[in-house]
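I'm opening my notebook to go through this structure piece by piece. Here is what I looked up, in the order I looked.

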Amino acid sequence: MPTGTPRVFVSHLAGIAVFDPNGDQVGRVRDVVAMLRLAGRPPRVLGLVVEVIGRRRIFLPMTRVTGVESGQVITTGVLNMRRFEQRPTETLVLGELLDRTVRLVETDEPVTVLDVAMSQLPSRRDWEVDKVFVRRGRTRALRRRGEALTVDWSAVTGFSLEEQGQGAENLLATFEQLRPADLANVLHHLSAKRRGEVAAALDDERLADVLEELPDDDQVEILGKLKEERAADVLEAMDPDDAADLLSELPEPDKERLLDLMRPRDAADMRRLMSYEEGSAGGLMTTEPIVLRPDATVADALARVRDQDLTPALAAQVYVCRPPDQTPTGRYLGVIHFQRLLRDPPFTLVGAAVDSDLPTLPPDSPLPVVAGHLATYNLLAAPVVDETGSLLGAVTVDDVLDHLLPSDWRERELHAGMALPEAADGR
């Protein structure tokens, strides 16, 4: 690292790109691995946790880092693609140190860790965590968030103690811009304790999005650590089919208690989805597609499609039905695809533009039939209609893929990656 390079605050490393000497990106930084030492000595930085292709997390020793500058990390180009496994003597700086309550040695005053900084030693091969950015508690003079200050590592104590109720505000701020699937990957690799603390700090909508991307075991674990009232709120915020799948994993008493706490309409949807055989069109469908009456206009349909909370698959088509326009609807009339909405004038009635020839799926259609239907008609989603002609919901291609893949595909994806030759790194 060039002489005079400023120290690096660890939160600034989160998510930055890692490049080889040729300028090709090999991954992104997800955490920093350090080893705590006794007698107030600064922790030694062992390396970086880097996420590479397939969301595999590998260990990059600091001895293979040639530069940390301009928002990027440069490596020697030799990577060990073996999956990172944290050792008992190792600490994940972002995952475990941020938001901790420690104490100033001089005054014994409790402070909260906002960030830590690491610097390269004169040997230019070793790094250590030498500074801590902390916030004092609220005082009368400092009314809101308290005074923030940077102190030497030796000026604080308490990092090696087990802490209950550790917050997650600063960790979440570090990963604020991550997509739900990527934040789920972060949560999956945290300890169970930290996973519960981070989940508790997320708002209901964000936690719902993240839960949908986690393996079943992680979903059940996190939901079980929430208060029942909040767990019910999070389930309501999830896509109905995903929430029903999660509820199905719970013991019957727990499932019934949560259903009783949910809004009657949402609970009814959950019970209806769980009544269908797993893997059938009814079990796969969401009960919240875009439904319009035939006297609505193309402008009305486009306004509904613009909803940012809709997935691309659900926003690709609008279903036209007689009242009522919530599932189960009145008589299903047909579908209008997004491209047709773009071609017709805004004042056109959807009833005049509907495609009534596209076949529908009965709720008991097995998974191979559902997958074949989507493939045959090149669809992102398909309507599920019962024998009375009512629209029950829509099956989207992402849910079909979810069930066609091996049951542990999320777990495999979090650990998958390229099988490249391993380099000796001492791990």
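**Entry 1: salt bridges.** I started with the rule: a salt bridge is a side-chain nitrogen of Lys or Arg within 4 Å of a carboxyl oxygen of Asp or Glu. I also noted that this is a predicted model. How many salt bridges does the rule give? I got a count of 26.

**Entry 2: Arg136 and Glu147.** I picked one pair to look at. Arginine 136 and glutamate 147 meet through their side chains in a salt bridge, at 2.7 Å from N to O. Arginine 136 sits in strand S11 (residues 127-136), while glutamate 147 is in the loop between S11 and strand S12 (148-152), so this pair ties together parts that are 11 residues apart in sequence. Next I checked how open the two are. Arginine 136 has 23% relative accessibility and counts as partly exposed. Glutamate 147 is partly exposed too, with 32%.

**Entry 3: Arg271 and Glu256.** Here I found a salt bridge with its closest N and O atoms 3.3 Å apart, between arginine 271 and glutamate 256. Which parts does the pair tie together? Arginine 271 belongs to helix H10 (residues 264-275) and glutamate 256 to helix H9 (residues 252-261), so the bridge links parts that are 15 residues apart in sequence. I wrote down 36% relative accessibility for arginine 271, which is partly exposed. Glutamate 256 is at 27%, also partly exposed.

**Entry 4: inside H10.** I stayed with this helix for another pair. The side chains of aspartate 269 and arginine 272 form a salt bridge at 3.2 Å, N to O. Both residues lie in helix H10, 3 residues apart, which is about one turn of the helix. Are they buried or exposed? Aspartate 269 is buried, at a relative accessible area of 4%. Arginine 272 is buried as well, at 15%; the cut-off for buried is under 20%. I also found a network, in which salt bridges with shared partners join Asp99, Lys193, Arg194 and Glu197.

**Entry 5: Arg30.** I went to strand S3 (residues 25-35) and found arginine 30 there. Its relative accessibility is 6%, so arginine 30 counts as buried. What does its side chain touch? The side chain of arginine 30 makes a polar contact of 3.3 Å with the side chain of glutamate 51. Leaving aside neighbours within four places in sequence, I listed contacts of arginine 30 including Gly15, Val49, Arg57 and Phe175.

**Entry 6: Asp386.** This one is in a loop, between strand S17 (381-385) and strand S18 (391-396). Aspartate 386 counts as buried, at 19% relative accessibility. Its side chain has a polar contact of 2.7 Å with the side chain of threonine 388. A polar atom of the aspartate 386 side chain also lies 2.9 Å from the backbone nitrogen of serine 390. Beyond its neighbours within four places in sequence, I found aspartate 386 in contact with Pro363 and Leu392. I looked up leucine 361 too: it is 25 residues from aspartate 386 in sequence, and the two are 8.2 Å apart from C-alpha to C-alpha.

**Entry 7: H3 against H5.** Last, I looked at two helices. The axes of helix H3 (residues 180-188) and helix H5 (residues 204-211) come within 8 Å and cross at roughly 80°. H3 and H5 are therefore roughly perpendicular to each other. On the H3 side I noted Pro180, Leu183, Ala184 and Leu187, which meet Arg206, Asp209 and Val210 of H5. The residues of this contact divide into 5 nonpolar, no polar and 2 charged.

Key: Residues are numbered from 1 along each chain as its sequence is written. This is a predicted model: local features need pLDDT of at least 70, side-chain atom pairs count only at pLDDT 80 or more; totals for chains, interfaces and linings use all residues. Side-chain values use heavy atoms; hydrogens and water are left out. Axes are lines fitted to C-alpha atoms, for helices over the stretch in contact, and angles run from 0 to 180 degrees between N-to-C directions. Helices (H or I, at least four residues) and strands (E, at least two) are DSSP runs, numbered from the N terminus. Angles under 35 degrees count as roughly parallel, over 145 as roughly antiparallel, 65 to 115 as roughly perpendicular and the rest as oblique. Contact means heavy atoms within 4.5 Å. Ala, Val, Leu, Ile, Met, Phe, Trp, Tyr, Cys and Pro count as nonpolar, Asp, Glu, Lys and Arg as charged, and the others, Gly among them, as polar. Buried means under 20% relative accessible area, exposed over 50%, partly exposed in between (1.4 Å probe, protein chains only). A polar contact is a pair of N or O atoms within 3.5 Å; within protein, one must be able to donate a hydrogen and the other to accept it, and residues adjacent in sequence count only if both atoms are side-chain atoms.
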